[in-house]
Protein chains: 2
Amino acid sequence: MLDAASELMVERDTVDVSVADIAARAGLNTQLIRYYFGSKEGLLLELLKRVATRALGELNSLVVAPTPPVRKIELHIGGIVKTYFRFPYTTRLLRALVQGESSRYAAEVSKFFVAPLVAAQRALLEQCAEAGLIRHVDPMFFYFSVVGACDFLFASRYALRDVFHIDAIDDELRRAYASHVVALVMEGMRSREKAALPLRD
Amino acid sequence: MLDAASELMVERDTVDVSVADIAARAGLNTQLIRYYFGSKEGLLLELLKRVATRALGELNSLVVAPTPPVRKIELHIGGIVKTYFRFPYTTRLLRALVQGESSRYAAEVSKFFVAPLVAAQRALLEQCAEAGLIRHVDPMFFYFSVVGACDFLFASRYALRDVFHIDAIDDELRRAYASHVVALVMEGMRSREKAALPLRD
């Protein structure tokens, strides 16, 4: 059922997929979906959990790997972009579950996805800072800026299409964008001087 | 009417504000709102246009100002964060207008907001690159990564609350976050060496 939901969301480029359509694709009846997941939101939550489990599994392996610490952060940023690339509905799934009427799922999303992600990022930043490879960077700021930069490409496909005339994010664009974010973030953190004039305003 | 809608969205922290409530706040009847804006989406579109006009006006003044070019980009990044701070519903307004059933407004949003923003960013990047102050950065990548980093703090207030225990974005957080993004982006672009190992995967 999760595979059927996932396929339909990719094909139709929306998370607005009906339980009836998911049931039809999975060759099951809608009652069964309601039985397993309680509601469509329940199914969306399970789908996001699957994305999170996979992404966090890879990330936590990276935290303890014998890889040089700067390289770990580079690979992690590549991994975030790859997660959005593989599961392009992730950004909409997240928003569907934390906003408006579904915001009752927000605390759960924070717990199974955001908190462990931030904890792993904090560990990666500490490994780099302890080795003297980067300046101190607030893990909270790291989370919002790095995940935000990766998310926005996938969240703004209308702009990609209308302004840049790119209909789909292919593997080449995915790699080039990941390299761009890696370059900004790693060079931006590596700097040891006072980085910029404080903003006056 | 736009002021009333704006106030309600800030107070309730959602763009799901009914036409009836907006009418009540403005002291007008709902028919008048429908007459002026056609629909609630029409009103949301006008509200976004107002945010865009203001932000783009400031940005275009910056493009032609006699300010040093690197400082212009720093001020621009501070300006993006300030726009989201002043109009915290901007991120939701954008998404409400480009996704799902309202996606018929996407092309219009691209035209009045994203395209002029990208054109101004391109001009700022060229001014810096011509002065030899930054390496070449693709304006498309600049747009998605920089606006994405700024947007995500405001789009993910659930994570701010649940994971970082911050209930509201105050002026101090707004400034600190802008400085963080400025430092990452400016140091990340200033670098003239090959920034990072290419991602293998």
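## Polar contacts between the chains

A polar contact is a pair of N or O atoms within 3.5 Å, where, within protein, one atom must be able to donate a hydrogen and the other to accept it. In this predicted model, eight residue pairs, with both residues at pLDDT 80 or more, are in polar contact between chain A and chain B. Salt bridges across the interface of chain A and chain B, on the other hand, number zero by the rule applied here.

## Extent and make-up of the interface

The size of an interface is often given as the accessible area lost when the parts come together. Between chain A and chain B the buried area is about 5700 Å², and carbon and sulfur atoms give 67% of that area. The contact draws on 68 residues from chain A and 68 residues from chain B.

On the side of chain A that touches chain B, at least two residues each are supplied by helix 5 (69–86), helix 6 (90–98), helix 7 (106–130), helix 8 (139–155), helix 9 (157–162) and helix 10 (171–190) of chain A. Helix 10 of chain A provides the largest share of this side, namely 16 residues. Sorted by residue type, the side of chain A that touches chain B comprises 40 nonpolar, eleven polar and 17 charged residues.

## The fold of chain A

Chain A is built with ten helices and zero strands, so that, read from the N terminus on, its elements follow the order α-α-α-α-α-α-α-α-α-α. Taken along the principal axes, the C-alpha atoms of chain A fill a box of roughly 60 × 40 × 35 Å.

## Helix 2 against helix 3

Two packed helices are described by the angle between their axes and the distance between the axes. For helix 2 (residues 19–26) and helix 3 (residues 30–37) of chain A, the axes come within 8 Å and cross at roughly 105°, which means that helix 2 of chain A is roughly perpendicular to helix 3 of chain A.

In this contact, Val19(A), Ala20(A), Ile22(A) and Ala23(A) of helix 2 meet Thr30(A), Ile33(A) and Arg34(A) of helix 3. The residues of the contact divide into five nonpolar, one polar and one charged.

## Salt bridges

Over all chains, the count by the rule used comes to 28 salt bridges. One salt bridge joins the side chains of Glu58(A) and Arg86(A), at 3.7 Å from N to O. This pair links distant parts of the chain, with Glu58(A) in helix 4 (residues 40–64) of chain A and Arg86(A) in helix 5 of chain A, 28 residues apart.

Terms used
Residues numbered from 1 in each chain as written. Chains lettered and ligands numbered in written order. Predicted model: local features only at pLDDT ≥ 70, side-chain atom pairs only at ≥ 80, totals over all residues. Heavy atoms only, no water. Axes fitted to C-alpha atoms, helices over the stretch in contact; angles between N-to-C directions. Helix = DSSP H or I, 4+ residues; strand = E, 2+ residues; numbered from the N terminus. Parallel < 35°, antiparallel > 145°, perpendicular 65-115°, else oblique. Contact = heavy atoms within 4.5 Å. Nonpolar A, V, L, I, M, F, W, Y, C, P; charged D, E, K, R; others polar. Buried area = accessible area lost by both parts, 1.4 Å probe. Salt bridge = Lys/Arg side-chain N within 4 Å of Asp/Glu carboxyl O. Polar contact = N/O pair within 3.5 Å; in protein donor to acceptor, adjacent residues only side chain to side chain.
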